[in-house]
Amino acid sequence: MLHRLPVFLVLLVSLSAIYTSAAYYADSKAPAQPFMELGVYANSGLQGYIPNANFTITPPQTTNWTITVANMMNAAQFAMVIVRLGNLTTQSPNTTTPAALVPELIAIQLFLGTGETSKLDFSWTVQNVSQTANGVVFLNLLINGQQTGGQLQIGANEGRNFRLIFELWTFDPSTESFQYGFPGTASTIGEWLQVWFNTST
Amino acid sequence: MTYSRLPFLALLFCLLLSSMFMPAGPITVSGQAGQTDQITQVKNSLLTAFKAVQIAEQDGASNQSLAPLINELNQALSYEMIAEQGNSTAALQSISLSNDVSMKAEALGSQAETASQDHAILAYLVAIALAFCSAIVILEAGRVRRFFGKRRLLKSKIELGETRHVA
(Lines give C-alpha, C1' and ligand atoms only; values in the text may rest on other atoms or scores of the structure.)
Protein backbone atom coordinates (compact mmCIF):
# COMPACT_ATOMS: atom_id res chain seq x y z
CA MET A 1 0.00 0.00 0.00
CA LEU A 2 2.89 2.33 0.84
CA HIS A 3 4.35 1.93 -2.65
CA ARG A 4 1.05 2.62 -4.37
CA LEU A 5 0.87 6.34 -3.56
CA PRO A 6 4.23 7.32 -5.18
CA VAL A 7 3.39 5.16 -8.19
CA PHE A 8 -0.03 6.81 -8.44
CA LEU A 9 1.52 10.30 -8.22
CA VAL A 10 4.13 9.52 -10.89
CA LEU A 11 1.38 8.18 -13.15
CA LEU A 12 -0.85 11.18 -12.49
CA VAL A 13 1.90 13.71 -13.25
CA SER A 14 3.02 11.89 -16.41
CA LEU A 15 -0.50 11.41 -17.76
CA SER A 16 -1.43 15.00 -16.88
CA ALA A 17 1.56 16.24 -18.91
CA ILE A 18 0.53 14.10 -21.89
CA TYR A 19 -3.16 15.01 -21.79
CA THR A 20 -2.63 18.77 -21.19
CA SER A 21 -0.14 18.83 -24.09
CA ALA A 22 -2.78 17.21 -26.28
CA ALA A 23 -5.35 19.78 -25.09
CA TYR A 24 -2.93 22.65 -25.87
CA TYR A 25 -2.24 21.25 -29.34
CA ALA A 26 -5.96 20.82 -30.06
CA ASP A 27 -6.70 24.37 -28.82
CA SER A 28 -3.90 26.07 -30.80
CA LYS A 29 -4.39 27.53 -34.27
CA ALA A 30 -2.63 25.71 -37.09
CA PRO A 31 0.38 27.68 -38.39
CA ALA A 32 -0.17 29.32 -41.78
CA GLN A 33 1.92 31.63 -43.93
CA PRO A 34 0.17 35.01 -44.15
CA PHE A 35 -0.31 36.58 -47.57
CA MET A 36 -2.53 38.94 -49.57
CA GLU A 37 -3.66 38.55 -53.14
CA LEU A 38 -4.44 41.16 -55.77
CA GLY A 39 -6.22 40.29 -59.01
CA VAL A 40 -7.77 41.96 -62.03
CA TYR A 41 -10.49 40.19 -63.98
CA ALA A 42 -12.61 40.91 -67.03
CA ASN A 43 -15.62 39.04 -68.38
CA SER A 44 -13.92 38.74 -71.76
CA GLY A 45 -10.57 37.74 -70.25
CA LEU A 46 -7.30 39.67 -70.21
CA GLN A 47 -5.21 37.54 -72.58
CA GLY A 48 -4.74 40.34 -75.09
CA TYR A 49 -3.54 42.90 -72.57
CA ILE A 50 0.20 42.22 -72.95
CA PRO A 51 3.08 44.37 -74.34
CA ASN A 52 2.93 44.92 -78.12
CA ALA A 53 -0.47 43.26 -78.29
CA ASN A 54 -3.06 44.40 -80.78
CA PHE A 55 -5.67 45.25 -78.18
CA THR A 56 -6.70 48.76 -79.06
CA ILE A 57 -9.18 51.03 -77.37
CA THR A 58 -11.10 53.40 -79.60
CA PRO A 59 -12.31 56.45 -77.65
CA PRO A 60 -14.82 56.94 -76.23
CA GLN A 61 -14.78 53.38 -74.89
CA THR A 62 -15.66 52.07 -71.45
CA THR A 63 -14.09 48.88 -70.11
CA ASN A 64 -15.47 47.13 -67.04
CA TRP A 65 -13.10 45.09 -64.92
CA THR A 66 -13.16 43.66 -61.41
CA ILE A 67 -10.32 44.06 -58.92
CA THR A 68 -10.13 41.37 -56.24
CA VAL A 69 -8.24 41.64 -52.98
CA ALA A 70 -7.90 38.61 -50.70
CA ASN A 71 -6.78 38.79 -47.10
CA MET A 72 -5.06 35.68 -45.74
CA MET A 73 -3.07 37.62 -43.11
CA ASN A 74 -4.82 36.09 -40.06
CA ALA A 75 -5.89 39.62 -39.10
CA ALA A 76 -8.32 42.22 -40.44
CA GLN A 77 -6.65 44.58 -42.90
CA PHE A 78 -7.18 48.13 -44.10
CA ALA A 79 -6.04 47.93 -47.72
CA MET A 80 -5.68 50.40 -50.56
CA VAL A 81 -5.38 49.70 -54.29
CA ILE A 82 -3.56 52.46 -56.16
CA VAL A 83 -4.04 52.54 -59.92
CA ARG A 84 -1.42 54.34 -62.03
CA LEU A 85 -1.02 55.00 -65.72
CA GLY A 86 2.31 54.14 -67.32
CA ASN A 87 3.89 53.69 -70.74
CA LEU A 88 6.64 51.53 -72.24
CA THR A 89 9.47 53.39 -70.47
CA THR A 90 7.82 53.66 -67.07
CA GLN A 91 9.80 52.12 -64.22
CA SER A 92 7.67 49.19 -63.02
CA PRO A 93 7.08 48.58 -59.32
CA ASN A 94 8.86 45.61 -57.74
CA THR A 95 8.59 43.59 -54.55
CA THR A 96 10.02 46.43 -52.44
CA THR A 97 9.33 49.72 -54.26
CA PRO A 98 6.13 51.13 -55.77
CA ALA A 99 6.02 53.07 -59.03
CA ALA A 100 5.84 56.30 -57.04
CA LEU A 101 6.97 58.53 -59.92
CA VAL A 102 4.04 57.47 -62.10
CA PRO A 103 0.85 59.55 -61.71
CA GLU A 104 -1.85 58.07 -59.52
CA LEU A 105 -5.24 57.75 -61.20
CA ILE A 106 -7.30 56.53 -58.28
CA ALA A 107 -6.82 55.07 -54.80
CA ILE A 108 -9.51 52.68 -53.62
CA GLN A 109 -9.57 51.93 -49.88
CA LEU A 110 -11.32 49.01 -48.22
CA PHE A 111 -11.46 47.02 -45.01
CA LEU A 112 -11.06 43.24 -45.25
CA GLY A 113 -11.85 40.60 -42.68
CA THR A 114 -9.63 37.55 -42.17
CA GLY A 115 -9.97 35.09 -45.04
CA GLU A 116 -12.18 37.52 -46.98
CA THR A 117 -11.93 38.23 -50.70
CA SER A 118 -13.42 41.53 -51.82
CA LYS A 119 -14.44 42.44 -55.34
CA LEU A 120 -14.16 46.06 -56.47
CA ASP A 121 -15.71 47.43 -59.61
CA PHE A 122 -13.19 49.11 -61.89
CA SER A 123 -14.81 50.85 -64.81
CA TRP A 124 -12.51 52.98 -66.93
CA THR A 125 -13.31 55.09 -69.93
CA VAL A 126 -10.93 56.61 -72.44
CA GLN A 127 -13.03 59.68 -73.19
CA ASN A 128 -10.77 61.17 -75.83
CA VAL A 129 -7.13 61.42 -76.77
CA SER A 130 -4.90 64.21 -77.99
CA GLN A 131 -1.83 63.79 -80.15
CA THR A 132 1.15 66.11 -80.24
CA ALA A 133 3.04 67.02 -83.41
CA ASN A 134 5.70 64.39 -82.70
CA GLY A 135 3.08 61.64 -82.40
CA VAL A 136 2.83 61.32 -78.60
CA VAL A 137 -0.72 60.49 -77.52
CA PHE A 138 -2.18 61.69 -74.21
CA LEU A 139 -5.36 60.26 -72.65
CA ASN A 140 -8.40 61.78 -71.04
CA LEU A 141 -9.60 59.15 -68.57
CA LEU A 142 -12.69 58.66 -66.47
CA ILE A 143 -12.38 56.04 -63.71
CA ASN A 144 -15.43 54.78 -61.80
CA GLY A 145 -17.26 57.88 -63.01
CA GLN A 146 -14.55 60.24 -61.74
CA GLN A 147 -12.44 62.49 -63.90
CA THR A 148 -8.74 61.81 -63.38
CA GLY A 149 -7.59 65.40 -63.62
CA GLY A 150 -7.83 66.16 -67.31
CA GLN A 151 -5.15 65.07 -69.73
CA LEU A 152 -2.54 63.02 -67.94
CA GLN A 153 1.16 63.75 -68.11
CA ILE A 154 1.92 60.21 -69.31
CA GLY A 155 1.86 59.84 -73.09
CA ALA A 156 2.72 57.03 -75.46
CA ASN A 157 4.17 57.12 -78.94
CA GLU A 158 1.32 56.63 -81.45
CA GLY A 159 -0.85 55.58 -78.49
CA ARG A 160 0.91 52.22 -78.20
CA ASN A 161 1.89 50.40 -75.02
CA PHE A 162 0.04 52.29 -72.38
CA ARG A 163 -0.36 50.31 -69.18
CA LEU A 164 -2.49 50.43 -66.08
CA ILE A 165 -0.48 49.53 -62.97
CA PHE A 166 -2.29 48.23 -59.90
CA GLU A 167 -0.51 48.32 -56.52
CA LEU A 168 -1.65 46.89 -53.20
CA TRP A 169 -0.96 48.95 -50.08
CA THR A 170 -1.83 48.06 -46.49
CA PHE A 171 -2.30 50.22 -43.41
CA ASP A 172 0.40 49.89 -40.77
CA PRO A 173 -1.13 50.69 -37.34
CA SER A 174 2.32 51.29 -35.78
CA THR A 175 3.18 54.14 -38.18
CA GLU A 176 -0.48 55.05 -38.83
CA SER A 177 0.17 55.23 -42.56
CA PHE A 178 -0.21 53.06 -45.65
CA GLN A 179 2.79 50.98 -46.70
CA TYR A 180 3.39 49.41 -50.10
CA GLY A 181 2.59 45.68 -50.11
CA PHE A 182 1.78 43.60 -47.06
CA PRO A 183 3.87 42.73 -44.00
CA GLY A 184 5.93 39.56 -44.50
CA THR A 185 7.99 37.65 -41.96
CA ALA A 186 11.11 39.83 -42.41
CA SER A 187 9.95 42.84 -44.44
CA THR A 188 6.99 44.06 -46.47
CA ILE A 189 6.22 42.21 -49.69
CA GLY A 190 5.18 44.33 -52.65
CA GLU A 191 2.17 43.20 -54.67
CA TRP A 192 1.39 44.67 -58.09
CA LEU A 193 -0.11 43.93 -61.50
CA GLN A 194 -0.10 45.64 -64.87
CA VAL A 195 -2.33 45.49 -67.92
CA TRP A 196 -1.16 46.80 -71.33
CA PHE A 197 -3.32 48.50 -73.95
CA ASN A 198 -3.14 50.71 -77.05
CA THR A 199 -5.38 53.57 -78.10
CA SER A 200 -6.34 54.68 -81.54
CA THR A 201 -6.18 58.40 -82.22
CA MET B 1 -2.66 112.62 -8.37
CA THR B 2 -4.73 113.51 -11.43
CA TYR B 3 -1.65 113.31 -13.65
CA SER B 4 -0.76 109.81 -12.35
CA ARG B 5 -4.22 108.52 -13.21
CA LEU B 6 -4.00 109.71 -16.80
CA PRO B 7 -1.98 106.78 -18.28
CA PHE B 8 -4.24 104.29 -16.53
CA LEU B 9 -7.37 105.95 -17.96
CA ALA B 10 -5.81 106.08 -21.43
CA LEU B 11 -5.04 102.36 -21.21
CA LEU B 12 -8.59 101.61 -20.11
CA PHE B 13 -9.96 103.69 -22.97
CA CYS B 14 -7.77 101.81 -25.49
CA LEU B 15 -8.94 98.47 -24.10
CA LEU B 16 -12.58 99.51 -24.36
CA LEU B 17 -12.04 100.79 -27.87
CA SER B 18 -10.34 97.57 -29.00
CA SER B 19 -13.08 95.42 -27.44
CA MET B 20 -15.55 97.08 -29.81
CA PHE B 21 -13.78 95.47 -32.75
CA MET B 22 -13.72 91.98 -31.20
CA PRO B 23 -16.35 89.55 -32.59
CA ALA B 24 -19.37 89.04 -30.42
CA GLY B 25 -20.33 85.55 -29.26
CA PRO B 26 -18.20 82.42 -29.51
CA ILE B 27 -15.14 82.41 -31.74
CA THR B 28 -15.87 80.48 -34.91
CA VAL B 29 -13.39 78.91 -37.31
CA SER B 30 -13.69 79.40 -41.03
CA GLY B 31 -15.70 76.84 -43.02
CA GLN B 32 -12.73 75.15 -44.61
CA ALA B 33 -10.77 74.78 -41.35
CA GLY B 34 -13.85 73.37 -39.61
CA GLN B 35 -14.34 70.89 -42.43
CA THR B 36 -10.70 69.80 -42.24
CA ASP B 37 -11.10 69.21 -38.50
CA GLN B 38 -14.21 67.15 -39.15
CA ILE B 39 -12.45 65.05 -41.80
CA THR B 40 -9.55 64.46 -39.38
CA GLN B 41 -12.08 63.41 -36.75
CA VAL B 42 -13.76 61.04 -39.25
CA LYS B 43 -10.41 59.46 -40.13
CA ASN B 44 -9.40 59.11 -36.48
CA SER B 45 -12.74 57.46 -35.63
CA LEU B 46 -12.29 55.03 -38.53
CA LEU B 47 -8.77 54.10 -37.43
CA THR B 48 -9.83 53.70 -33.81
CA ALA B 49 -12.64 51.38 -34.93
CA PHE B 50 -10.26 49.39 -37.13
CA LYS B 51 -7.80 48.97 -34.25
CA ALA B 52 -10.66 47.87 -31.98
CA VAL B 53 -11.59 45.19 -34.54
CA GLN B 54 -7.97 43.98 -34.71
CA ILE B 55 -7.78 43.82 -30.89
CA ALA B 56 -11.08 41.90 -30.76
CA GLU B 57 -9.63 39.46 -33.28
CA GLN B 58 -6.49 39.00 -31.16
CA ASP B 59 -8.72 38.36 -28.14
CA GLY B 60 -10.29 35.47 -30.06
CA ALA B 61 -13.42 36.94 -31.68
CA SER B 62 -14.44 34.77 -34.64
CA ASN B 63 -14.39 35.90 -38.28
CA GLN B 64 -18.16 35.33 -38.51
CA SER B 65 -18.87 37.64 -35.57
CA LEU B 66 -16.50 40.31 -36.95
CA ALA B 67 -17.81 40.18 -40.54
CA PRO B 68 -20.75 42.58 -39.87
CA LEU B 69 -18.31 45.03 -38.24
CA ILE B 70 -16.06 44.94 -41.32
CA ASN B 71 -19.13 45.73 -43.46
CA GLU B 72 -19.99 48.66 -41.17
CA LEU B 73 -16.39 49.90 -41.41
CA ASN B 74 -16.60 49.83 -45.21
CA GLN B 75 -19.88 51.73 -44.98
CA ALA B 76 -18.21 54.31 -42.71
CA LEU B 77 -15.35 54.54 -45.21
CA SER B 78 -17.76 55.26 -48.07
CA TYR B 79 -19.37 58.01 -45.94
CA GLU B 80 -15.89 59.40 -45.35
CA MET B 81 -15.37 59.67 -49.13
CA ILE B 82 -18.61 61.64 -49.40
CA ALA B 83 -17.63 63.77 -46.39
CA GLU B 84 -14.38 64.72 -48.12
CA GLN B 85 -16.49 66.43 -50.78
CA GLY B 86 -17.87 68.74 -48.08
CA ASN B 87 -20.90 66.81 -46.86
CA SER B 88 -20.99 67.22 -43.07
CA THR B 89 -23.99 64.87 -42.66
CA ALA B 90 -21.93 62.06 -44.18
CA ALA B 91 -19.08 62.95 -41.81
CA LEU B 92 -21.39 62.60 -38.82
CA GLN B 93 -22.78 59.31 -40.16
CA SER B 94 -19.24 58.00 -40.61
CA ILE B 95 -18.24 59.00 -37.07
CA SER B 96 -21.41 57.45 -35.65
CA LEU B 97 -20.84 54.17 -37.52
CA SER B 98 -17.17 54.06 -36.50
CA ASN B 99 -18.03 54.65 -32.84
CA ASP B 100 -20.67 51.92 -33.08
CA VAL B 101 -18.08 49.52 -34.52
CA SER B 102 -15.58 50.40 -31.76
CA MET B 103 -18.14 49.66 -29.05
CA LYS B 104 -19.29 46.40 -30.65
CA ALA B 105 -15.70 45.28 -31.23
CA GLU B 106 -14.76 45.95 -27.60
CA ALA B 107 -17.80 43.97 -26.41
CA LEU B 108 -17.03 41.10 -28.81
CA GLY B 109 -13.37 41.12 -27.76
CA SER B 110 -14.11 40.90 -24.05
CA GLN B 111 -16.74 38.18 -24.66
CA ALA B 112 -14.30 36.21 -26.78
CA GLU B 113 -11.51 36.62 -24.23
CA THR B 114 -13.74 35.30 -21.43
CA ALA B 115 -15.01 32.44 -23.62
CA SER B 116 -11.49 31.56 -24.68
CA GLN B 117 -10.26 31.53 -21.05
CA ASP B 118 -13.24 29.39 -19.97
CA HIS B 119 -12.62 27.03 -22.87
CA ALA B 120 -8.93 26.68 -21.99
CA ILE B 121 -9.67 26.11 -18.29
CA LEU B 122 -12.30 23.47 -19.17
CA ALA B 123 -9.93 21.71 -21.59
CA TYR B 124 -7.13 21.53 -19.01
CA LEU B 125 -9.52 20.41 -16.24
CA VAL B 126 -10.83 17.60 -18.48
CA ALA B 127 -7.23 16.64 -19.30
CA ILE B 128 -6.29 16.44 -15.59
CA ALA B 129 -9.50 14.52 -14.74
CA LEU B 130 -8.74 12.06 -17.53
CA ALA B 131 -5.18 11.69 -16.24
CA PHE B 132 -6.54 11.01 -12.74
CA CYS B 133 -8.98 8.36 -14.01
CA SER B 134 -6.32 6.76 -16.22
CA ALA B 135 -3.84 6.61 -13.32
CA ILE B 136 -6.44 4.89 -11.13
CA VAL B 137 -7.36 2.44 -13.90
CA ILE B 138 -3.70 1.54 -14.51
CA LEU B 139 -2.95 1.19 -10.81
CA GLU B 140 -6.06 -0.78 -9.96
CA ALA B 141 -6.18 -2.90 -13.11
CA GLY B 142 -4.72 -5.96 -11.34
CA ARG B 143 -7.15 -5.67 -8.45
CA VAL B 144 -10.12 -5.29 -10.81
CA ARG B 145 -9.00 -8.29 -12.83
CA ARG B 146 -8.71 -10.35 -9.64
CA PHE B 147 -12.13 -9.14 -8.48
CA PHE B 148 -13.83 -10.18 -11.71
CA GLY B 149 -11.92 -13.43 -11.73
CA LYS B 150 -13.12 -14.19 -8.22
CA ARG B 151 -16.71 -13.33 -9.18
CA ARG B 152 -16.54 -15.60 -12.19
CA LEU B 153 -15.22 -18.38 -10.02
CA LEU B 154 -17.98 -17.90 -7.46
CA LYS B 155 -20.71 -17.93 -10.09
CA SER B 156 -19.49 -21.04 -11.86
CA LYS B 157 -21.12 -24.40 -10.98
CA ILE B 158 -18.95 -27.00 -9.40
CA GLU B 159 -19.16 -30.18 -11.39
CA LEU B 160 -17.59 -33.34 -10.24
CA GLY B 161 -15.24 -34.23 -12.97
CA GLU B 162 -14.78 -37.84 -11.95
CA THR B 163 -18.54 -38.62 -12.08
CA ARG B 164 -18.86 -37.05 -15.47
CA HIS B 165 -15.98 -38.94 -16.87
CA VAL B 166 -17.22 -42.15 -15.43
CA ALA B 167 -20.68 -41.59 -16.87
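A crossing of two helices is called left-handed if the near helix is turned anticlockwise from the far one by less than a right angle, and right-handed if the turn is clockwise. With this term in hand, the reader may turn to the structure, which is a predicted model.

The description begins within chain B. Helix α3 of chain B spans residues 63–83, and helix α4 of chain B spans residues 88–155. Two packed helices are described by the angle between their axes and the distance between the axes. Here the axes come within 8 Å and cross at roughly 160°. Because angles over 145 degrees count as roughly antiparallel, α3(B) is roughly antiparallel to α4(B). The crossing in which α3(B) passes α4(B) is left-handed. On the side of α3(B), the residues in contact include B:L66, B:L69, B:L73 and B:Y79, while those of α4(B) include B:L97, B:V101, B:K104 and B:L108. Sorted by class, this contact has 13 nonpolar, 5 polar and 4 charged residues.

Helix α4(B) also packs against a helix of the other chain, namely α1 of chain A, residues 4–27. The axes of α1(A) and α4(B) lie 8 Å apart, at an angle of about 145°. In this case the crossing is right-handed. The residues in the contact of α1(A) with α4(B) comprise 20 nonpolar, 4 polar and 4 charged ones.

The next subject is the whole interface between the chains. Chain B contributes 30 residues to the contact and chain A contributes 26. The size of an interface is often given as the accessible area lost when the parts come together. Between chain B and chain A, about 2,500 Å² is buried, and carbon and sulfur atoms give 69% of that area. Of the area that chain B buries against chain A, 21% comes from B:F50, B:Y124 and B:L139, more than from any other three residues.

Chain A itself is assigned two domains: domain 1 covers 1–30 and domain 2 covers 35–199. The centres of these domains of chain A, taken over C-alpha atoms, are separated by 57 Å.

Two details of the backbone of chain A remain. The peptide bond from A:P59 to A:P60 is cis, with omega near -5°. A:P60 is found in the loop between β2 (56–57) and β3 (61–72). The loop that joins β3 to β4 (77–86) contains A:N74. Although A:N74 is not a glycine, its phi is positive, at about 60°.

Definitions and conventions:
Residues are numbered from 1 along each chain as its sequence is written. Chains are lettered from A and ligands numbered from 1 in the order in which they are written. This is a predicted model: local features need pLDDT of at least 70, side-chain atom pairs count only at pLDDT 80 or more; totals for chains, interfaces and linings use all residues. Side-chain values use heavy atoms; hydrogens and water are left out. Axes are lines fitted to C-alpha atoms, for helices over the stretch in contact, and angles run from 0 to 180 degrees between N-to-C directions. Helices (H or I, at least four residues) and strands (E, at least two) are DSSP runs, numbered from the N terminus. Angles under 35 degrees count as roughly parallel, over 145 as roughly antiparallel, 65 to 115 as roughly perpendicular and the rest as oblique. Contact means heavy atoms within 4.5 Å. Ala, Val, Leu, Ile, Met, Phe, Trp, Tyr, Cys and Pro count as nonpolar, Asp, Glu, Lys and Arg as charged, and the others, Gly among them, as polar. Domain bounds come from an automatic or database domain assignment. Buried area is the accessible area (1.4 Å probe) that two parts lose on being put together, summed over both.
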